[in-house]
Amino acid sequence: DMLDSVLTFFFGSKRDRDVKQLLPIVEQINNKESWAQGLSAEEFPQQTQKFKERLANGETLDAILPEAFALAREAANRVLGERAYDVQLMGSIVLNSGRIVEMKTGEGKTLVATLPVYLNALEGKGVHVVTVNEYLASRDAEWMGQIYRFLGLTVGVNLREKTTREKQEAYNC
């Protein structure tokens with residue numbers, strides 16, 4: 001109706017306001033890109049360790065998010081040749097905030113998930129990515145696992161046929 005149109009004109013739609021909130025964070029991530037590109041392969045796991053130490057010393061996930069996302073994006077680019085676009089960074093930020101992101105097939109959901117998974121794994125509590133079937137779980141653990149291993153993390157996959165011991169090992173990754 002007319003009131004909704006007038007309010008949207010003055011205040012913007014909810015989506016527009018959400019995007020405006022995300023843009024400064026995307027800019028911070030992009031500002032760290034050249035730093036991440038300048039690192040040698042050996043420095044990626046070292047940087048992961050530094051992030052863990054910073055968190056242990058009281059820094060928050062939000063405080064290290066721009067650097068951690070830039071590092072994980074660069075890792076994906078080096079290992080898989082896939083660099084997250086700004087819109088995918090927005091999806092990663094939204095996912096990290098605990099909200100749901102709707103994406104169509106082919107828009108890079110699997111890649112989008114890697115950034116918040118990496119960031120949250122830095123706390124050392126373990127992160128679980130749940131996938132609709134065991135084939136996709138195995139595929140994604142192997143495919144995206146390359147990124148996490150490059151960053152110095154471990155990856156496991158929990159499948160029905162695994163023994164209790166194998167499942168415990170996977171949960172400890």
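**Pockets**

I started with what counts as a pocket: on a 1 Å grid over the protein atoms alone, it is an open set of points where a 1.4 Å probe fits, with protein on both sides within 12 Å along at least five of seven lines, and lining residues have an atom within 4 Å of a point. For volume, I took the space filled by probe spheres set on the points, with grid points joined across faces, edges and corners.

This is a predicted model, where local features need pLDDT of at least 70 and side-chain atom pairs count only at pLDDT 80 or more, while totals for chains, interfaces and linings use all residues. Residues are numbered from 1 along each chain as its sequence is written, and side-chain values use heavy atoms, with hydrogens and water left out.

I looked up the largest pocket and got a volume of about 1200 Å³. Its lining has 39 residues, and Val117, His128, Val129, Val130 and Thr131 lie nearest the centre. I sorted the lining by class (Ala, Val, Leu, Ile, Met, Phe, Trp, Tyr, Cys and Pro nonpolar; Asp, Glu, Lys and Arg charged; the others, Gly among them, polar). That gave 18 nonpolar, 15 polar and six charged residues for the largest pocket.

Which helices line the largest pocket with at least two residues each? I found α7 (109-121), α8 (134-143), α9 (145-150) and α10 (164-171), with α7 giving the largest share, six residues. Helices here are DSSP runs of H or I, at least four residues, and strands are runs of E, at least two, numbered from the N terminus.

Next I went to the second largest pocket, at about 470 Å³. It is lined by 15 residues, with Val87, Met90, Gly91, Val94 and Val101 nearest its centre. α2 (14-31) and α6 (86-96) are the elements that give two or more residues to this lining. α6 has the largest share, five residues. By class I noted eight nonpolar, two polar and five charged residues.

**Whole chain**

I counted ten helices and zero strands. The C-alpha atoms fill a box of roughly 65 × 40 × 30 Å along the principal axes. Of the 173 residues, 34% are buried (under 20% relative accessible area with a 1.4 Å probe, protein chains only; exposed is over 50%, partly exposed in between). I also checked contacts (heavy atoms within 4.5 Å): among those between residues at least 6 apart in sequence, 66% join residues at least 24 apart.

**Core**

Leaving aside neighbours within four places in sequence, Leu119 is in contact with Leu61, Ile64, Leu65, Ala68, Phe69 and Asn96.

**Two residues**

Not counting residues up to four places away in sequence, I found Leu89 touching Val26, Ile29, Asn30, Arg73, Ala84 and Leu115.

I checked Gln47 in helix α4 (residues 43-56) too. Gln47 is at 8% relative accessibility, so it counts as buried. Beyond its neighbours within four places in sequence, Gln47 is in contact with Trp35 and Leu71.
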